[in-house]
Amino acid sequence: DAAEPVPEADVEVVVRASFRDTVARDQPTSVVVLDADTIADVDAPHFESLSELVPNLNFSGEGNRAKYWQIRGIGERAQYDGAPNPSVGFVIDDVDFSGIGGIATMWDVDQVEVLRGPQGTRYGANALAGMVYVRSAPPPPEFEGRAELTIGTDEARAAGITVGGPMTADGRVAYRLSAQRQSSDGFRNNRYLDRAED
């Protein structure tokens with residue numbers, strides 16, 4: 001007799017961008033959640049590399065990192081400075097980086113949430129079109145460490161290290177330290193400045 005297939009366990013996706021943690025199916029707005037495994041599979045160095053996985057999310061910018069985000073067609077463009085508040089909020093570990101969210105690297109990130117639709121209840125005028133919420137990995141219950149070295153084309157270099165673990169015997173106090181550095185010469189040559197640029 002062939003063994004009966006074991007049904008997959010229901011996995012609850014928890015959204016942490018609101019005032020209290022909420023199960024995704026109970027979230028009143030449309031949300032896309034990208035977990036650490038998805039981020040690792042894509043091997044995205046920055047958030048804009050992940051944006052292709054999020055329907056109705058676009059970005060634009062004139063520099064080497066995305067600065068302007070649009071959700072469902074609402075948001076600023078690179079050529080328009082417009083209102084002082086961006087339409088798409090960008091929050092990293094509860095710190096508002098709206099307008100400069102392109103600085104977010106995906107090193108040691110636990111979860112990324114993209115909430116589509118107005119999020120003004122929590123973030124006011126910085127989230128009229130929606131919000132991107134990035135959450136770093138929490139301190140682990142047991143000691144762990146990770147290091148990574150990347151070498152690529154266009155003189156790309158990256159190095160990162162993460163360590164963490166309990167600080168007390170009962171594990172009620174824990175820590176996590178994470179650092180990363182990336183650099184690249186880019187793929188365009190600026191003849192005036194005589195250097196390569198992103």
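In this predicted model, Val134 touches Phe90, Val91, Ile92, Asp93, Met106, Val109, Gln111 and Val112, leaving out residues up to four places away in sequence. Val134 also belongs to the largest nonpolar core, which has 22 residues. Within that core, the residues touching the most other members are Phe47, Leu50, Phe90, Met106, Val112, Val132 and Val134. At least two core residues come from each of strand S3 (30-35), helix H2 (47-50), strand S5 (68-71), strand S7 (88-92), S9 and strand S10 (130-136).

**The five-stranded sheet**

Several of these strands also belong to an open sheet of five strands, ordered S3-S9-S10-S7-S8, with mixed pairing. At its edges stand S3 and strand S8 (95-96). Each of these two has a single partner strand, so one side of each is left without a neighbour in the sheet. Inside the order, S9 and S10 run antiparallel and are joined by seven bridges. In general, the strands of a sheet pair through backbone hydrogen bonds, in either a parallel or an antiparallel way.

Gln111 is located in strand S9, which covers residues 109-116. Is Gln111 buried or exposed? Its relative accessibility is 9%, and because buried means under 20%, Gln111 counts as buried. Its side chain makes a polar contact of 2.6 Å with the side chain of Glu113. When neighbours within four places in sequence are set aside, Gln111 is in contact with Val14, Arg16, Val33, Leu34, Tyr133, Val134 and Arg135.

**The three-stranded sheet**

Another open sheet consists of three strands in the order S11-S12-S13, and its pairing is antiparallel. Strand S11 (144-152) and strand S13 (174-183) are the edge strands; each has a single partner strand, so one side of each lacks a neighbour in the sheet. With direction ignored, neighbouring strands here are turned by 0° against each other on average. Strand S12 (residues 156-166) is joined to S13 by ten bridges, and the two run antiparallel. Pro166 stands opposite Ala174 in S13.

Arg146 lies in strand S11. Which residues does Arg146 touch, not counting those up to four places away in sequence? They are Trp107, Asp108, Gly160, Ile161 and Thr162. The C-alpha atom of Arg146 is separated by 6.5 Å from that of Val163, although the two residues are 17 residues apart along the chain.

Most residues other than glycine have a negative phi. Asn56 has a positive value, with phi near 70°, and Arg72 also has a positive value, with phi near 55°. Asn56 is placed in the loop between H2 and strand S4 (57-60). Arg72 is placed in the loop between S5 and strand S6 (74-75).

The table lists the partly exposed residues Asn56, Arg72 and Arg146 with their relative accessibility.

| Residue | Relative accessibility | Class |
|---|---|---|
| Asn56 | 44% | partly exposed |
| Arg72 | 46% | partly exposed |
| Arg146 | 39% | partly exposed |

Methods: Residues are numbered from 1 along each chain as its sequence is written. This is a predicted model: local features need pLDDT of at least 70, side-chain atom pairs count only at pLDDT 80 or more; totals for chains, interfaces and linings use all residues. Side-chain values use heavy atoms; hydrogens and water are left out. Helices (H or I, at least four residues) and strands (E, at least two) are DSSP runs, numbered from the N terminus. Buried means under 20% relative accessible area, exposed over 50%, partly exposed in between (1.4 Å probe, protein chains only). A polar contact is a pair of N or O atoms within 3.5 Å; within protein, one must be able to donate a hydrogen and the other to accept it, and residues adjacent in sequence count only if both atoms are side-chain atoms. Contact means heavy atoms within 4.5 Å. Two strands pair if DSSP finds at least two bridges between them. Axes are lines fitted to C-alpha atoms, for helices over the stretch in contact, and angles run from 0 to 180 degrees between N-to-C directions. A nonpolar core is a set of buried Ala, Val, Leu, Ile, Met, Phe, Trp, Tyr and Cys residues joined through side-chain atoms within 4.5 Å.
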